[in-house]
Amino acid sequence: MSKKEHVDIVVIGSGPGGYAAAFRAADLGKKVLMVDRDADLGGVCLNRGCIPSKALLHISKVMNEVDHLSNIGVSFSGPTIDLESIRAYKEKIVSKLSGGISQLAKARNVTTLCGVATFESNTQLSVKTQSGDTKVSFDKCIIAAGSTSSMIQGAPKDHPSILTSRTALELNDVPETLLVIGGGVIGLELGQVYASLGSRVSVVEFLPGLIPGADDDIIKPLQRHLSKQFESIMLSSKVVSVSPKENNDLEVIIDTKDEKKEMTFNKVLVSVGRSPNCALLNLESTDIKLDSDGFIIVDEYQKTSVKNIFAIGDIVGNPMLAHKATHEGKVAAEVASGHPAAMDARAIPSVVYTDPEVAWVGLTESEAKSGGVPYEKGEFPWAASGKALIINAGQGKTKVLFDPETKQVLGAAIVGPSAGDLISEACLAIEMGSDVDDIGLTIHPHPTLGETFLAASEVYSGTITDLYIPPKGGK
Ligand code: NAI
């Protein structure tokens with residue numbers, strides 16, 4: 001590529017939002033350049049996030065299943081952990097998918113450029129590559145530059161024993177003791193990986209419950225499992241300081257509800273949220289506006305305050321989820337290419353890929369209660385599901401919230417294996433405005449976990465036959 005280039009659309013970032021935007025725009029006939037500072041396409045999600053962490057969580061889940069088999073008459077000798085092979089397995093999946101994105105880019109004539117993009121104006125940017133700077137002028141730009149792990153105050157920066165999700169996924173070793181700061185999605189997923197591989201894991205969470213945003217009853221089976229797997233879970237607790245010792249262990253002072261504890265760990269994983277990657281973009285040279293948390297402000301067309309610049313994904317704010325970024329990326333590409341589109345999805349699902357998995361979409365009960373939103377619910381305990389009992393998932397649960405007037409689905413939450421796969425039916429129900437009868441009249445295959453969505457709806461409509469629920473007010 002020459003040192004000066006004009007393109008119809010330049011996309012900054014090649015994560016699930018960026019490449020979806022670039023490919024959609026190319027499919028709509030635009031000349032597209034996709035810039036990423038990382039030579040491996042796919043962004044954090046593919047290279048250092050969702051995909052490698054789920055590859056490791058798969059191992060963790062199968063190990064739990066093997067444990068269960070030993071209770072039902074099938075035993076194997078204990079696991080031997082070969083970290084090098086585990087890393088190779090994870091890296092093979094990542095490089096296959098990343099290579100796939102490069103091939104898809106080539107097939108569509110999307111040019112890719114490895115370097116750091118910096119704005120010079122509302123219509124021009126400069127990309128610093130290994131072989132010098134390239135000036136890119138553009139008709140439209142889509143910023144999909146993502147986010148980076150936030151750090152806590154009171155912890156040293158760049159210490160080898162302090163892990164972020166990125167370094168934790170490198171799996172350089174399995175520490176004997178690991179403290180996870182932040183009992184959110186990343187903390188629990190990676191905490192579970194390390195616990196399965198042999199670390200003694202403790203979690204400290206600022207709030208009174210794990211996984212903020214999810215209902216307590218849905219988190220309960222996960223918390224029960226984690227309290228057996230983890231050394232300790234300290235809720236309503238705060239890390240005051242993290243100090244390195246000579247041997248690289250970390251001394252941590254934790255303020256719990258009852259006392260100030262001084263504890264020593266081999267490693268500490270900081271998973272207290274993520275911050276938008278705005279710093280390198282030099283947004284000051286544009287008229288792009290940020291909100292008070294530093295996220296780029298966009299409208300429903302993913303347009304920033306500059307009419308030819310769009311932004312999508314983590315950099316525009318929560319929820320910071322790959323599937324939200326992909327959807328927004330397609331909207332931005334379509335609008336930028338002159339097609340009618342808007343970000344008007346009714347609901348965005350959340351999934352925690354622990355064992356058991358937790359997933360929810362739309363209205364939660366805690367949101368309904370705090371916002372005074374009227375709702376009614378149907379719940380189906382997996383203890384009554386044949387499939388759940390077969391796979392040792394009797395602790396699971398499916399809950400569906402309905403509008404008391406229209407009987408339409410307002411939200412759903414599931415805990416149990418494959419909850420992340422099962423929640424898609426609830427997403428479709430919300431998007432389509434389905435009511436309880438639409439679900440009740442849909443034949444679900446038996447025996448499956450998918451039936452539990454039907455069953456929860458039948459509990460609500462009073463048509464369930466797999467449970468006995470005495471009629472209200474007696475016979
Ligand atoms: P998070 O927001 O899910 O959880 C952070 C937790 O840390 C919160 O519970 C918060 O109360 C706690 N916290 C904050 N400061 C603290 C302190 N000083 N001491 C103790 N606790 C503290 O953030 P997380 O887990 O870092 O994930 C970042 C983003 O990445 C999230 O937006 C998440 O949605 C996304 N993500 C999603 C995944 C998925 O969909 N499965 C997987 C990984 C990340």
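Biologist: Which backbone atom lies 3.1 Å from a polar atom of the side chain of T286?

Modeller: It is the backbone nitrogen of I288 that lies 3.1 Å from a polar atom of the T286 side chain. This is a predicted model, in which local features need pLDDT of at least 70 and side-chain atom pairs count only at pLDDT 80 or more, whereas totals for chains, interfaces and linings use all residues. Residues are numbered from 1 along each chain as its sequence is written, and side-chain values use heavy atoms, with hydrogens and water left out.

The pair is a polar contact, that is, two N or O atoms within 3.5 Å; within protein, one must be able to donate a hydrogen and the other to accept it, and residues adjacent in sequence count only if both atoms are side-chain atoms. T286 sits in the loop between strand 16 (274–276) and strand 17 (309–311). Helices (H or I, at least four residues) and strands (E, at least two) are DSSP runs, numbered from the N terminus. With a relative accessible area of 8%, T286 is buried. Buried means under 20% relative accessible area, exposed over 50%, and partly exposed in between, with a 1.4 Å probe and protein chains only.

A polar atom of the S271 side chain is 3.3 Å from the backbone oxygen of G182.

The next topic is strand 10 and its neighbours. Four of the five residues of strand 10 (residues 200–204) are buried, so this strand is largely enclosed by the rest of the structure. Strand 9 (residues 177–181) runs parallel to strand 10 and is joined to it by five bridges; two strands pair if DSSP finds at least two bridges between them. Within this pairing, L178 stands opposite V201 of strand 10. From strand 9 the chain crosses through helix 6 (residues 185–197) to strand 10, in a right-handed β-α-β crossover. Right-handed here means that, with the strands pointing away from the viewer, the path from the first strand over the helix to the second runs clockwise.

Strand 10 is also joined by three bridges to strand 11 (residues 232–234), and these two run parallel. V203 has I233 in strand 11 as its bridge partner. A right-handed β-α-β unit is made by strand 10, helix 7 (residues 216–229) and strand 11. In the loop between strand 10 and helix 7 lies I211, which has a positive phi of about 50 degrees although it is not a glycine. I211 counts as buried, at 1% relative accessibility.

Of the 21 residues around the ligand, I186, E189, E205, G273 and V351 come nearest; a residue is near a molecule or strand if one of its heavy atoms lies within 4 Å of it. A backbone N or O atom of I186 is 2.8 Å from an oxygen atom of the ligand, and a polar backbone atom of V185 lies 3.3 Å from a ligand oxygen atom. E189 places a polar side-chain atom 3.0 Å from a nitrogen atom of the ligand. The protein covers 79% of the 850 Å² of accessible area that the ligand has on its own. Accessible areas come from the Shrake-Rupley method with a 1.4 Å probe; for residues, only the protein chains shown count as cover.

The peptide bond from N318 to P319 is cis, with omega near -5 degrees, and P319 lies in the loop between strand 17 and helix 8 (322–336). The bond from H446 to P447 is likewise a cis peptide bond, with omega near 0 degrees; P447 lies in the loop between helix 12 (436–440) and helix 13 (451–461). K407, in the loop between strand 21 (397–402) and strand 22 (409–415), has a positive phi of about 65 degrees although it is not a glycine. At 31% relative accessibility, K407 counts as partly exposed.
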